[in-house]
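User: I'd like a quick tour of this one. Start with any wording I need for helix angles.

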Amino acid sequence: MKKHNFYAGPSILPEITKEKTAEAIMNFADTGLSVMEVSHRSKEFVAVMDEAQALVKELLKVPDGYSVLFIQGGASLQFLMAPFNLMNKKAAYLNTGAWSKKAIKEAKFFGEVVEVASSADANYNYIPKNYHVPADASYLHITTNNTIYGTQLSTMPEVDIPLIGDMSSDIFSRPVDVAKFDVIYAGAQKNLGPAGTTLIIVKNDALNKLERPIPTLLNYQTHIDKGSMFNTPATLPVFASLQTLRWLKENGGIDAMEKTNIEKAGILYDELDRNKLFTSTVPNQDDRSKMNVTFVMTPDYAELEKDFLDFATAKGMVGIKGHRSVGGFRASIYNAMPIASIKALIAVMQEFEKRD
Ligand SMILES: *Cc1c(COP(=O)(O)O)cnc(C)c1O
């Protein structure tokens with residue numbers, strides 16, 4: 001049976017990413033060796049790293065003066081690395097969910113954290129708007145897409161201080177004005193590649209302004225100076241990520257992705273608004289994520305939750321169980337998810353509706 005992969009992360013990758021990576025595991029760039037067993041300093045692997053960094057710059061139209069890094073530690077390490085490198089005495093954070101909260105916790109090790117707004121009062125089912133951001137904060141940190149709660153910032157905040165963005169689950173899904181950011185970071189395993197590497201885009205001029213000493217490995221400058229080769233990068237995940245970046249380019253780049261993502265999310269939300277059994281957990285349409293669609297049974301049908309999960313699982317739907325903090329269901333529909341899989345899920349929802 002065809003499996004439709006709705007996992008939130010690690011998650012679906014383009015077929016071509018898997019095929020090319022499988023080939024390179026056996027014979028990488030005609031070396032006769034596996035990509036896993038060649039030096040990261042070999043000319044073949046250096047070419048992989050260089051192309052991956054260049055494609056990130058090209059696809060996201062990264063302005064001059066920024067560096068692209070692939071380092072380890074996940075997005076979670078960036079929760080502390082960003083403030084370590086960029087927070088002077090104070091930083092502003094928008095609290096839109098579990099990942100924001102974890103970022104806030106780490107930032108508190110480095111100074112005063114001003115939580116400018118929070119949607120915790122409604123279990124994070126909306127994006128706060130119209131909040132005050134202190135002008136003397138080093139930056140405003142945002143989580144652009146809330147993987148767990150199914151919300152997404154539809155526009156970036158207009159503020160006079162730099163932004164730092166955790167884009168782990170929506171990077172490459174839509175255009176972004178990189179010039180507004182000092183740092184953008186994203187764990188690879190949602191929209192780019194396998195777990196093990198983290199993409200970071202950092203503004204060179206924003207660094208080296210603090211008195212605080214920074215340990216070598218946690219200093220962005222170390223990785224910039226060594227082209228992400230200060231220590232051994234995650235060679236296989238970077239290779240696989242490059243295959244996804246090539247796929248993105250060949251499929252029309254970020255504008256084309258955004259167009260498809262609007263269509264893909266649109267048909268699923270339309271079904272949630274129509275089908276009497278299900279409802280989106282995010283009432284405000286503008287705040288609904290185009291990457292992670294969270295939904296529950298409507299109150300009259302709440303007792304059917306387990307039935308639907310079993311029904312959908314039997315029809316090949318994988319990974320749709322909601323995160324425990326929201327309950328219900330979550331369909332993660334990243335760039336690599338074909339619209340056919342979303343149509344298959346919709347068909348299952350309609351079949352279930354007709355069943356009783
Ligand atoms: C998955 C995720 C993280 C955590 O990523 P790790 O690579 O596991 O550290 C952080 N932020 C967001 C928005 C995520 O979706």
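Analyst: Angles under 35 degrees count as roughly parallel, over 145 as roughly antiparallel, 65 to 115 as roughly perpendicular, and the rest as oblique. This is a predicted model, where local features need pLDDT of at least 70, side-chain atom pairs count only at pLDDT 80 or more, and totals for chains, interfaces and linings use all residues. Residues are numbered from 1 along each chain as its sequence is written, and side-chain values use heavy atoms, without hydrogens or water.

User: Okay, α2 and α6 then. At what angle do they cross?

Analyst: Roughly 40°, and their axes come within 9 Å. Axes are lines fitted to C-alpha atoms, for helices over the stretch in contact, and angles run from 0 to 180 degrees between N-to-C directions. α2 and α6 are therefore oblique to each other. Helix α2 spans residues 43–59 and helix α6 residues 235–250. Helices are DSSP runs (H or I, at least four residues), strands too (E, at least two), numbered from the N terminus.

User: Left-handed or right-handed?

Analyst: α2 passes α6 left-handed. That word applies if the near helix is turned anticlockwise from the far one by less than a right angle; clockwise is right-handed.

User: And α3 with α4, how do they cross?

Analyst: Also at roughly 40°, with axes within 8 Å. That makes α3 oblique to α4. Their crossing is right-handed.

User: How far is Ser76's polar side-chain atom from a ligand oxygen?

Analyst: 2.6 Å. For Lys190 the distance is 2.7 Å, and for Gln189 it is 2.9 Å. The protein covers 87% of the 390 Å² of accessible area that the ligand has on its own (Shrake-Rupley method, 1.4 Å probe).

User: Is the Gly9 to Pro10 peptide bond cis or trans?

Analyst: Cis, with omega near -5°. Pro10 sits in the loop between β1 (4–5) and α1 (15–26). Most peptide bonds are trans.

User: What about phi of Asn130, positive or negative?

Analyst: Positive, near 55°. Asn130 lies in the loop between β4 (112–118) and β5 (140–143).

Definitions and conventions:
Polar contact = N/O pair within 3.5 Å; in protein donor to acceptor, adjacent residues only side chain to side chain.
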